[in-house]
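Have the viewer open while you read.

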Amino acid sequence: MAKQRDKGFPERDAIVAFIRASTGKIGTREIAREFGLKNADRVELKRILRELADQGAIEKRGRKIAEPAALPATLMADISGRDADGELIATPTAWDEVESGEPPKIRIHIPRRPQPGTAAGVGDRAMLRIEKLDDAEGAVYRARIIKVVDHAKSRVLGIFRALPDGGGRLIPVDKKQVGRELNIARADTGGAEDGDLVSVDLIRSRGFGLASGKVKERLGSLASEKAVSLIAIHSHEIPQAFSPAALRDAEAAKPATLAGREDWRELPLVTIDPPDAKDHDDAVHAELDPDPNNKGGYIVHVAIADVAFYVRPGSALDRDALTRGNSVYFPDRVVPMLPERISNDLCSLVPGEPRGALAVRMVIGADGRKRSHSFHRILMRSAAKLNYAQAQAAIDGRPDDTTGSLLDPILKPLYDAYATVKKARDEREPLDLDIPERKILLKPDGTVDRVIVPERLDAHKLIEEFMILANVAAAEMLEKKALPLIYRVHDEPTLEKVHNLQEFLKTLDLPFAKSGALRPSLFNYVLAQVKGHDAEVLVNEVVLRSQSQAEYAAENYGHFGLNLRRYAHFTSPIRRYADLVVHRALIRGLGLGEGALPDTETVETLSEVAAQISVTERRAMKAERETADRLIAHFLADRIGSTFQGRISGVTRSGLFVKLSDTGADGLIPIRTLGTEYFNYDETRHALVGTRSGAMHRLGDVVDVRLVEAAPVAGALRFELLSEGTVAPHGRSRRPGAGDSMRAKAKTHPGRSPRKGKDKGKSGKSKKGKPFKG
């Protein structure tokens, strides 16, 4: 080491300073160039960078190196207040405090003459351009406002409940406001009727009694539970109505013709989707490769609806689609990204009808690896519309009238090609979590019929793997053409999260010895150790929570969960704006005709788009989850006092979150109801532990609970714990030990504990038995 430094090898502080001062992409190549290092020095440089990462001085994101916890150059943020100098302070909109701790402070620089659309105040949401501060002084970042996305709100959303003597009460839809009703005077009802979803302006808030409000807008009736998704739509301000200009453009659109396209109408492509799918935007076909140099290999075709042909950059359709960012799926309805004339008609790959598509032809070797690919703008005609169960039944020997004639020429080659591709997938070892995903089935009146866990079929995996291949091909092609694009990225877990996972696994006698680069296979090894054991659900949950969240970005740092160096979303442009951008970039890069990405689109402008659609994606996920919670709360509202079995799905300082086994419903057991003793929150064990008895309630434990309260409007449930706790040997509650698998039973007692807190649980989901899907 000293010998190399005598020859001019840089000090560690100099390396860190260079990384912090750099604004572009930084890797070992850039660092070596900066300090004049030779190829022989690369091994030593990489070793030092690994040590710096382990110490937390820098952070590695795939091949990219950055400051730890660095924010992207462009992001969406909420303006939360002002500092002592009166400057605005903001925090990232998508920041998860449970996952990432305290959010960084962003100080906003306001120029003397702000540009139109950039004037902001406390409570506003804005798109920011971020710059790291060298001298933080209470703030870590400085930013300028690109544009104000949304202004502060002073309204409350809720359900109006009429009173016999006139006027009424507002039942808030926010879980945080359960029990905080507003009084609505007779003169302030605005014509609202019982069961209406309304927006209310707060008139005054008193120290005692109910605060008062005035109905500002009637948003729809919830007299029927069929409209329960309206609550999430309005509370998250998800646009429902398309602009008149967008609707005119959609109605005026004409079907695609053969002009400027290759004729693929004789190729028997088929769509395989859920049985209730209304739009079909991807079709597949596979055949043995006749090339004698690729014996045992396949040619796989993936055709995707040509949305870019109809939705041109800067058009009314484009503006509406960007505002939505993505389609939102509720149990009772879909809020689409595009009008039905486009999504369910012109761009839906229905059988027997000529449809425009952007297709990729991929040559797969016998080892399952993609050898080559090419993109084509085509006119196709789907040979059949199948659902997953239907395709699987045919392969399993139960063909029906539709699949009987398709089995040998179409379905068997598809499954054989998938079996070949799976070899490379298994060798790649993406993150393989096993967390079931539930689906709510409704009755005709919109109420819950039952909750099921759909079976995970090879048909699902086949389509998923072919879509991943197509997405990788799109990213590779655009990188080859040196064109800007929106990547789908997923960062590796932070050092802190890996450390916390290691400490947790020690309590189960499970080793997690990280040496060298962090890989999904390390997590898969842990998951394999607990397969079929009592701790399987617990470990899957904790591993999931250790992962970062996938997002969109104009700069690539890889996809950790899928274990891919480059990845983009290409296969669903009907429902995701990111895919539409990728289609436009391919059209531009390959000279495929109309609808190309404009030359004005750069990495900087696409960074803004990526930040915006990452927020709309998380908005959709939250709205979908809240709607499911409300439907289940309605379903269980008449079962107060009933007992249920479930698992502890979250542990916080305020109590335990329990997910019921039969419905997947989530509810809270407040910490004050656990017993007569104090309970400490043990972050390492993911448990609440009694200070006197050592009784422990831990993430993943199977428990019996009684339903105490249901608030259907907010989707909130409150439980009482009936099960006994467990105790670590010798009553140890703080220090992790190896004896936890030999835990003994201990009884807890109903009562109150003065222990209170304001922590919030976090849960995530991934489809059962499938690799991490970003």
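1. Start with the contacts across the chain. Of those in the protein chain between residues at least 6 apart in sequence, 67% link residues at least 24 apart. Keep in mind that this is a predicted model. The secondary structure comes to 17 helices and 37 strands. Buried residues account for 50% of the 774 residues in the protein chain. The chain exposes about 36,000 Å², with carbon and sulfur atoms supplying 48% of that area.

2. Now the aromatics. There are 4 aromatic pairs in the structure. Phe 512 belongs to the loop between helix 13 (495-506) and helix 14 (520-529), while Phe 523 is in helix 14, so the pair ties together parts that are 11 residues apart in sequence. Phe 512 counts as buried at 9% relative accessibility, and Phe 523 counts as buried at 1%.

3. Stay with Phe 523 for a moment. Its ring also pairs with that of Phe 560: the centres are 6.0 Å apart and the planes are at 90°, so this pair is edge-to-face. Phe 560 sits in the loop between strand 26 (551-553) and helix 16 (577-590), and Phe 523 in helix 14, so here the parts tied together are 37 residues apart in sequence. Both Phe 523 and Phe 560 are buried. Taken as a group, Phe 512, Phe 523 and Phe 560 form one aromatic cluster.

4. Arg 630 deserves a close look. This residue is in helix 17 (residues 603-636), and at 2% relative accessibility Arg 630 counts as buried. What does its side chain find there? A polar atom of the Arg 630 side chain lies 3.0 Å from the backbone oxygen of Val 173. Setting aside neighbours within four places in sequence, Arg 630 is in contact with Val 173, Val 228, Ile 231, Ala 232, Pro 712, Val 713, Ala 714 and Gly 715.

5. Arg 488 is another arginine to check. Arg 488 is found in strand 25 and is buried, with a relative accessible area of 5%. Its side chain makes a polar contact of 2.8 Å with the side chain of Glu 617. The C-alpha atoms of Arg 488 and Tyr 567 are separated by 5.6 Å, although the two residues are 79 apart along the chain.

6. On helix geometry, I checked two. Helix 11 (residues 407-428) has 22 residues, so at 1.5 Å a residue it should span 32 Å; the end C-alpha atoms are 30 Å apart, which agrees. Helix 12 (458-480) has 23 residues and should span 33 Å, and its end C-alpha atoms are 33 Å apart, which agrees as well.

7. Last, some positive phi values. Helix 11 is followed by Glu 429, whose phi is positive, near 55°. Just after helix 12, Ala 482 takes a positive phi of about 55°, although Ala 482 is not a glycine. Ala 482 lies in the loop that runs from helix 12 to strand 25 (487-489), and at 65% relative accessibility this alanine counts as exposed. Glu 237, also a residue other than glycine, has a positive phi near 55°. Glu 237 is in the loop between helix 6 (229-235) and helix 7 (244-252), where it counts as partly exposed at 40% relative accessibility.

Notes:
Residues numbered from 1 in each chain as written. Predicted model: local features only at pLDDT ≥ 70, side-chain atom pairs only at ≥ 80, totals over all residues. Heavy atoms only, no water. Phe/Tyr/Trp six-rings, centres within 6.5 Å; stacked < 30°, edge-to-face > 60°. Helix = DSSP H or I, 4+ residues; strand = E, 2+ residues; numbered from the N terminus. Buried < 20%, exposed > 50% of the residue type's maximum accessible area, 1.4 Å probe, protein only. Expected span 1.5 Å × (residues − 1). Polar contact = N/O pair within 3.5 Å; in protein donor to acceptor, adjacent residues only side chain to side chain. Contact = heavy atoms within 4.5 Å. Areas by Shrake-Rupley, 256 points an atom, 1.4 Å probe, with all protein chains shown as cover.
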